[in-house]
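I opened this notebook to keep a record of what I looked up in one model.

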Amino acid sequence: MALTMPVLAQAAVSSSEARIRLLPPGVPNTAAYVTVLNSGEKDITIVGAQSDVAERVELHNHVMDDGMMSMQKQDEIPLPAGSEVRFQPGGYHIMLFDLKAPLSANTPVSIRLLLDNGQSLMFSAKPQKPQSEHHH
């Protein structure tokens, strides 16, 4: 039974709605968005991200600081048992810095989220042109 535990724990975390901003060639950085669900019974923390398409990948959040919206790197993002975290414009997002090549609308991007339990969640993000992002 102990041999099946890591597989069960891995299945407790899933992703959906993954996309990455498709920006014009020459723009070195972009953002990825995804919904991550923890359907397990244990709290998990997202502690990092990786992708082969960028030199550096970081977790970020938009926060209000003295009346100004700013982007701040996050060392960890809690993912409580039975809940989800939405990486979306204006909130948590995955920043990809120094893209190694321009993204293509026809080529999904693989991204891995690193979890505090030593496991990871790999997902494929579809490149999409940014839509108007209005915050009400």
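I am working on a predicted model, where local features need pLDDT of at least 70, side-chain atom pairs count only at pLDDT 80 or more, and totals for chains, interfaces and linings use all residues. Residues are numbered from 1 along each chain as its sequence is written, and side-chain values use heavy atoms, with hydrogens and water left out.

**Salt bridges.** I took a salt bridge as a side-chain nitrogen of Lys or Arg within 4 Å of a carboxyl oxygen of Asp or Glu. I found 3 of them in the structure. Glutamate 17 pairs with arginine 86 at 3.3 Å, N to O. This pair links distant parts of the chain, with glutamate 17 in strand β1 (residues 13–21) and arginine 86 in strand β7 (residues 83–87), 69 residues apart. Strands here are DSSP runs (E, at least two residues), numbered from the N terminus. Arginine 86 also meets glutamate 84, at 3.2 Å, N to O. I noted Glu17, Glu84 and Arg86 as a network of salt bridges.

For accessibility I used relative accessible area: buried is under 20%, exposed is over 50%, and partly exposed is in between (1.4 Å probe, protein chains only). Glutamate 17 is exposed at 52%, arginine 86 is partly exposed at 40%, and glutamate 84 is partly exposed, also with 40%.

**Arginine 56.** Which residue does arginine 56 form a salt bridge with? The partner is glutamate 58, with the closest N and O atoms 2.8 Å apart. Glutamate 58 is buried at 14%, and arginine 56 is partly exposed at 38%. The charged end of arginine 56 also sits over the ring of phenylalanine 97, 4.2 Å from its centre. The test for this is NZ of Lys or CZ of Arg within 6 Å of the ring centre and within 35 degrees of the ring normal.

**Aromatic pair.** Rings of Phe, Tyr and Trp (its six-membered ring) pair if their centres lie within 6.5 Å; planes under 30 degrees apart are stacked, over 60 edge-to-face, and the rest tilted. I got 1 aromatic pair by this rule. Phenylalanine 87 and tyrosine 92 have ring centres 6.2 Å apart and planes at 50°, so the pair is tilted. Phenylalanine 87 is buried at 2%, while tyrosine 92 is partly exposed at 23%.

**Core.** I defined a nonpolar core as a set of buried Ala, Val, Leu, Ile, Met, Phe, Trp, Tyr and Cys residues joined through side-chain atoms within 4.5 Å. The largest has 28 residues, and Phe87, Ile94 and Leu113 touch the most other members. Strand β9 gives the most to this core, with 4 residues.

**Strand β3.** Is β3 enclosed or open? I found 5 of its 7 residues buried, so β3 is largely enclosed by the rest of the structure. Two strands pair if DSSP finds at least two bridges between them. β3 runs antiparallel to β6 (residues 77–79), joined by 3 bridges, and threonine 45 has proline 78 as its bridge partner there. With β9 (residues 109–115), β3 pairs in the antiparallel sense over 4 bridges; isoleucine 46 is partnered with leucine 115.

**Loop residue.** Glutamate 41 lies in the loop between β2 (30–38) and β3 (44–50). Glutamate 41 is exposed at 82%. Its C-alpha is 8.3 Å from that of alanine 12, 29 residues apart in sequence.
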